[in-house]
Amino acid sequence: MPDRPEIVCICGSTRFVDEMSAANRDLTFAGVIVVAPGVFLRGEDHEADELITDEQKTALDALHLRKIDLADRVLVVNPGGYIGESTSREIAYAHATGKPISFTDPV
C-alpha cells in the first residue's frame, strides 16, 4: 500500500461544473485526493466578466498549474470531447511535466 493516496488534478472547462463535481465525488469515494478548480464561472453567466478581473484569471490559471505539479496524474473532464484554450494549455503543461493524462470522453 502506498504511503499516501493518489492525487488527481481535475482539469476542464469550468462550464462543466456539474461533471467536475461528479468526478471529484467519485474519485474521493475511491480514496483519491482531488485537486480541482476552486472558482467556477459558467459561460451563460452574463455577469461573469464583472465577477473576475483579468489579473484574477491569470492568477487562477497559474495556481491551477501548481495544482498539476502536486498531482500524480491529471483527469480532463471533457464532455462531448470539448477542450478549450485554457484546458489545452493545462494538458500541454501536464504532458511537458510528465504527468499521465486521462479524459472522461474521447478526444
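These are my notebook entries on a predicted model of a protein chain.

**Entry 1: overall layout**

I began with the order of the elements, and the chain has 4 helices and 4 strands, which run β-α-β-α-α-β-α-β from the N terminus on. I then looked up burial and found that buried residues make up 32% of the 107 residues. For contacts between residues at least 6 apart in sequence, I noted that 76% join residues at least 24 apart.

**Entry 2: helix H1**

I checked the length of H1, residues 17-29, against its geometry: at 1.5 Å a residue its 13 residues should span 18 Å, and the end C-alpha atoms are 18 Å apart, which agrees. Next I asked which residues of H1 are buried, and I listed Val17, Met20, Ala23 and Leu27. Seen down the axis of H1, these buried residues fall within an arc of 125 degrees, so they line one face of the helix. I set beside this the general point that an α-helix has 3.6 residues a turn, so residues three or four places apart point the same way.

On the other side of H1 I found Asp18 and Phe29 exposed. Looking for what covers the buried residues of H1, I noted that the cover includes strand E1 (7-12), strand E2 (33-35) and strand E3 (73-77). After H1 comes Gly31, and I recorded its phi as positive, near 90 degrees.

**Entry 3: helix H4**

I repeated the length check on H4, where 12 residues at 1.5 Å a residue should span 16 Å and the end C-alpha atoms are 17 Å apart, which agrees. The buried residues I found in H4 are Thr87, Glu90, Ile91 and Ala94. Seen down the axis of H4, they fall within an arc of 100 degrees, so they line one face of the helix. I noted that these buried residues pack against E1, H3, E3 and strand E4 (101-103), while the face turned away from the buried side carries the exposed residues Glu85 and Ala96. Just after H4, I saw that Gly98 takes a positive phi of about 80 degrees.

**Entry 4: H3 against H4**

I then turned to how helix H3 (residues 54-70) packs with helix H4 (residues 85-96), and I recorded an angle of about 35 degrees with the axes 10 Å apart, in a right-handed crossing. From H3, the residues Lys57, Asp61, His64, Leu65, Arg66, Ile68 and Asp69 meet Ser86, Arg89, Glu90, Tyr93 and Ala94 in H4. By class, I noted 4 nonpolar, 2 polar and 6 charged residues in this contact. Glu90 and Ala94, which meet H3, are also among the buried residues of H4.

**Entry 5: the loop between E3 and H4**

Is Asn78, in the loop between E3 and H4, buried or exposed? Asn78 counts as buried, because its relative accessibility is 0%. Leaving aside neighbours within four places in sequence, I found Asn78 in contact with Ile83, Phe103, Thr104, Asp105, Pro106 and Val107.

Ile83 is found in the loop between E3 and H4 too, and I noted that Ile83 is partly exposed, with a relative accessible area of 25%. Not counting residues up to four places away in sequence, Ile83 touches Asn78, Ser88, Ile91, Phe103 and Val107; of these, Ile91 is one of the buried residues of H4. I also looked up the distance from Ile83 to Cys11, and the two are 72 residues apart in sequence and 9.7 Å apart in space, C-alpha to C-alpha.

How values were computed. Residues are numbered from 1 along each chain as its sequence is written. This is a predicted model: local features need pLDDT of at least 70, side-chain atom pairs count only at pLDDT 80 or more; totals for chains, interfaces and linings use all residues. Side-chain values use heavy atoms; hydrogens and water are left out. Helices (H or I, at least four residues) and strands (E, at least two) are DSSP runs, numbered from the N terminus. The expected span of a helix is 1.5 Å times one less than its number of residues. Buried means under 20% relative accessible area, exposed over 50%, partly exposed in between (1.4 Å probe, protein chains only). The arc is that of the directions from the helix axis to the C-beta atoms. Contact means heavy atoms within 4.5 Å. Axes are lines fitted to C-alpha atoms, for helices over the stretch in contact, and angles run from 0 to 180 degrees between N-to-C directions. A crossing is left-handed if the near helix is turned anticlockwise from the far one by less than a right angle, and right-handed if clockwise. Ala, Val, Leu, Ile, Met, Phe, Trp, Tyr, Cys and Pro count as nonpolar, Asp, Glu, Lys and Arg as charged, and the others, Gly among them, as polar.
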